[in-house]
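Subject: Handover of a two-chain model

Dear colleague,

Please find below the structure that I am passing on to you.

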Amino acid sequence: MSNPLTLAPAPRSEAAERVRAEVRDFLAEELAAGSFRTHVDTWLSGVDPEFSRKLGERGWLGMTWPKEYGGHERSAMERYAVTEELLAAGAPVAAHWIADRQSGPNLLQYGTEKQRQEILPRIARGECYFVIGMSEPDSGSDLASIRTRATRNEAGDFVVNGAKVWTSNAHVSHYGIVLVRTAPVDTSNRHAGMSQLLVDLSLPGITINPIRILDGGHHFNEVVFKDVVVPADMLLGEEGNGWHQVTAELAFERSGPERFLSTYPLIAEFGRRVAETQDPAGLAALGRLSARVLALRQMSLRIAAALDRGELPNIPAALVKDVGTTFEADVIEEVRKVVDVLPSLESPDPLARALAEAQLHQPGFTLRGGTNEILRGIVARGLGLR
Amino acid sequence: MSDQDLVVETVRGLLAKHEPFDPTPERRWDAPLWTALAENGLTGVGLPEEAGGSGGDLADAVAIVRTLTAGAGAVPVAEHLLFAGPAVVAADLDLPPVEEPMTFALGPAVTAHASDDGDGPGRFTLSGTVTDVAWSGAARHLVVLAAGAAGPVLALVDVAGSEATDAANLAGEPRGSLVLDDVAASGALLTSAQVDELKARFALTRSVQLAAALEQVLAWTVQYAGERQQFGRALAKFQAIQMELAEMAGEVTAVTALTDAAVQALAHGDATFPLAAAAAKVRAGAAVEVVARLAHQVHGAIGFTQEHKLHHLTKRLWSWRDEAGSELYWSRVLAEGLLAEGPDGLWPALTRAV
């Protein structure tokens, strides 16, 4: 009767509720002090190193990692509560987001002792930021087709040539975990011959070119590698094991509440408007949106609980991301149907601004981190169809 | 094997002997299946033994309802176990023998007069018409929310002698009206908070059924897509079909997660239970459109006929989503509840709701 994608319900966590209250108080103080302004999709667009450091000081980065690497040995459920509060408030979390979410866990699992010691405490302090080096100009969903390659020079170091794209916030980040081809394509096994390199983005030969998204914002970049020498000890994990490692990294990339809360600040503004007008159609729309938020929270909490059990629930994570990112976009249409408002980035009306920001970011929701078509393919596999 | 697994196995065993059928005016429910369930003590699960039930908890009762729903059993077990029975127990009324089916209805047009027939407090006389009574004609007892002089009254009435009009929902399940003409009933006054919880419990009952039916429709559709061959391969091998099945799975998983959480909220006696139930009903109702549409699309013409079993559950889905309060009703209740603490209170309310 139950479908194979359903995870066990998440147990209630008092520790998570305690830290949630702390984060909420902190955010209220920061908002009152004017240290940030709420925006939509801030885990892409809200770069604020000062804010990231404040989170680090409070122990809200690297939360689940061992203390010896600057972590705090807290549960995934507690981390879930922290990230959810930050996203709902539209706080500027983009600087550290990737490092805290997936690069750190990837280093923990595959990094050498030296790599962990050097980098993880800096991430946990909110001082060291990472980019994802997966997509390329000719490789989007078909990640196995990447052409960036690394060859060994006489000293045994890697020489990297190629380009990565859609590289969020490379211009403010310190490192990238870059998927490269270290062996020629084996047509009988396309997933073989790839490796992950830990690349210092300040190395000679790296050029970072901005790529502007629809609202003119500079978040994406093209990162070009021309004969970049990456020391041999910056190999992450095992040579040739890149595909496997990337798959594990994607489980972290796909499983969090940012996959359904990117447009929550728009819902919050819409809620304020409905509270004021008590418009029956607005109330109904808000109720429909809220029911979807509540379902997604339960799905996402189940993933956090699975992480706490030591599982890496790839397939349920793909499913939640599909449902969640579809929802993020639907928010715009639900609001538009019942509120008479012109979207505008410059409007004094916060609802008009949130609507404009959400609309111009919307195409990205169902693309980044694996398109929804790719995700549904993974879900179909989970259903035993392929 | 846990007690709950054992109960589920027993129900499955009984279902195997009872083919789903299309309820008709001549045969509106599966009386033999009910009898079999009652004989196995399954119609008292989740009701306390001291009140005449068979013990067990809410989760056990939910497991029975889910199993019967997946098997399209035409019996009033959801109303009986998840709603009417617990409501009677909570109101401290005498529980009728659990072998006799109970149902529930909102009775906005029914008045309850406290009677001085010598039976003491808790006795009422009911007058008025109750519409949309689930399993009218099949249920022996009706739990009805009536209007009393001093406030709302939860009344329990024996309707064995009352004639029900012959009406049904889209799935053929009886939904007739009953005329109560000075009928004696036991009853209890309710506070408005108790009324809210009661309505929420009614909604949750349908949500549990919706969730189970959605799961089963997905399972049937995955199975069918794996068996049906076109263009020399199984439907399941076509990407277009895979996308549809994955979309169905997303909806089903969302409904299950939220419904489970609402059941937990009820089991824990959370103050926010009415909001959790409202959300579960809205979410389950919204999933019906996607899941039923795509299930029929994948099944093709055979699913559009009574030759195939699919309709037993899709017709129930289309019925249940509008029963026990529509999506429109519950979405407004949910929004009003979430905004109760003011325009900035939405997020804190969402994180408390379930």
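The model is predicted: local features need pLDDT of at least 70, side-chain atom pairs count only at pLDDT 80 or more, and totals for chains, interfaces and linings use all residues. Residues are numbered from 1 along each chain as its sequence is written, while chains are lettered from A and ligands numbered from 1 in the order in which they are written.

Chain A

Chain A divides into domain 1 (14-129), domain 2 (132-240) and domain 3 (248-382), with bounds that come from an automatic or database domain assignment. Between domain 2 and domain 3 of chain A, the C-alpha centres are 30 Å apart.

Helices (H or I, at least four residues) and strands (E, at least two) are DSSP runs, numbered from the N terminus. Two strands pair if DSSP finds at least two bridges between them. Strand β4 (residues 175-181) of chain A has 7 of its 7 residues buried, so it is largely enclosed by the rest of the structure; a residue is buried if 20 or more other C-beta atoms lie within 10 Å of its own, exposed if 12 or fewer, and partly exposed in between, with C-beta atoms placed from the backbone. Tyr175(A), Ile177(A), Leu179(A) and Arg181(A) point one way from β4(A), and Gly176(A), Val178(A) and Val180(A) the other way.

β4(A) pairs in the parallel sense with strand β1 (residues 130-133) of chain A over 4 bridges, and Val131(A) has Gly176(A) as its bridge partner. With strand β5 (residues 194-200) of chain A, β4(A) runs antiparallel, joined by 7 bridges; here Ile177(A) stands opposite Leu198(A). Strands β2 (residues 149-152) and β3 (residues 158-164) of chain A are antiparallel over 4 bridges. Their hairpin has 5 residues between the strands, and Gly156(A) takes a positive phi near 90°.

Helix α8 (residues 264-277) of chain A has 11 of its 14 residues buried, so it is largely enclosed by the rest of the structure. The buried residues of α8(A) pack against α4 (76-88), α9 (280-308), α10 (314-338) and α11 (350-365) of chain A, together with α9 (327-338) and α10 (346-353) of chain B; two residues are in contact if their C-beta atoms, placed from the backbone, lie within 7 Å. Gln278(A), which follows α8(A), has a positive phi near 55°.

Chain B

The secondary structure of chain B comes to 10 helices and 7 strands. Its radius of gyration of 21 Å is close to the 20 Å of the globule rule for 354 residues, so chain B is as compact as a globular protein of that length; the radius is taken over C-alpha atoms, and the rule is 2.2 Å times the number of residues to the power 0.38. Of the 354 residues of chain B, 56% count as buried.

A closed barrel of 5 strands runs β1-β2-β5-β4-β3 in chain B, with mixed pairing. Within chain B, strands β4 (residues 151-158) and β5 (residues 175-189) run antiparallel and are joined by 4 bridges, and Leu156(B) has Ser186(B) as its bridge partner.

Contact of the two chains

The contact takes 41 residues from chain A and 48 residues from chain B. On the side of chain A that touches chain B, α9(A) gives the largest share, 16 residues.

With kind regards
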